[in-house]
Amino acid sequence: MPIFEYACQSCGKVFEKLQLVGREEQVKCPACASEKVEKKISAPFLPSSVGRPADSASCAAPAKSDGCSSGCASGG
Ligand SMILES: [Zn+2]
């Protein structure tokens with residue numbers, strides 16, 4: 001189900017609302033009933049179709065190299 005996240009421009013409340021495809025209705029803030037809400041582009045789900053090699057014979061050098069520097073003890 002397409003659930004979009006909205007942020008009220010009036011009071012700043014962030015809420016989620018289910019929107020049916022092809023039926024765009026005015027979204028109101030559940031807190032202050034303001035119509036000045038902004039749809040936030042959020043993607044909680046990842047795209048399923050990802051380009052992947054169909055035929056891979058050999059892989060010599062590891063192209064993957066992500067650096068997690070030493071010392072990952074940082075509170076957030
Ligand atoms: Zn509001």
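These legends accompany a set of close-up views of a predicted model.

**View 1. The whole protein, element by element.** Welcome to a protein whose secondary structure comes to 0 helices and 3 strands. Starting at the N terminus, the elements run β-β-β. Of its 76 residues, 5% count as buried.

**View 2. The open sheet.** Here the 3 strands form an open sheet in the order E2-E1-E3, with antiparallel pairing. E2 and E3 (37–40) are the edge strands, each pairing on one side only. On average, neighbouring strands of this sheet are turned by 40 degrees against each other, direction ignored. As a reminder, strands of a sheet pair through backbone hydrogen bonds, either parallel or antiparallel.

**View 3. The E1–E2 hairpin.** Strand E1 (residues 3–8) and strand E2 (residues 14–18) run antiparallel and are joined by 5 bridges. To find your way along this pairing, look for glutamate 5, whose bridge partner in E2 is glutamate 16. The hairpin has 5 residues between the strands, and glycine 12 takes a positive phi near 85 degrees.

**View 4. The E1–E3 pairing.** Moving to the other partner of E1, we find E3 paired with E1 in the antiparallel sense over 4 bridges. A handy landmark is alanine 7, which has glutamate 38 as its bridge partner in E3. While you have the side chains on display, recall that in a regular strand they alternate between the two faces of the sheet.

How values were computed:
Residues numbered from 1 in each chain as written. Predicted model: local features only at pLDDT ≥ 70, side-chain atom pairs only at ≥ 80, totals over all residues. Pairing = 2+ DSSP bridges. Helix = DSSP H or I, 4+ residues; strand = E, 2+ residues; numbered from the N terminus. Axes fitted to C-alpha atoms, helices over the stretch in contact; angles between N-to-C directions. Buried ≥ 20, exposed ≤ 12 C-beta atoms within 10 Å, placed from the backbone.
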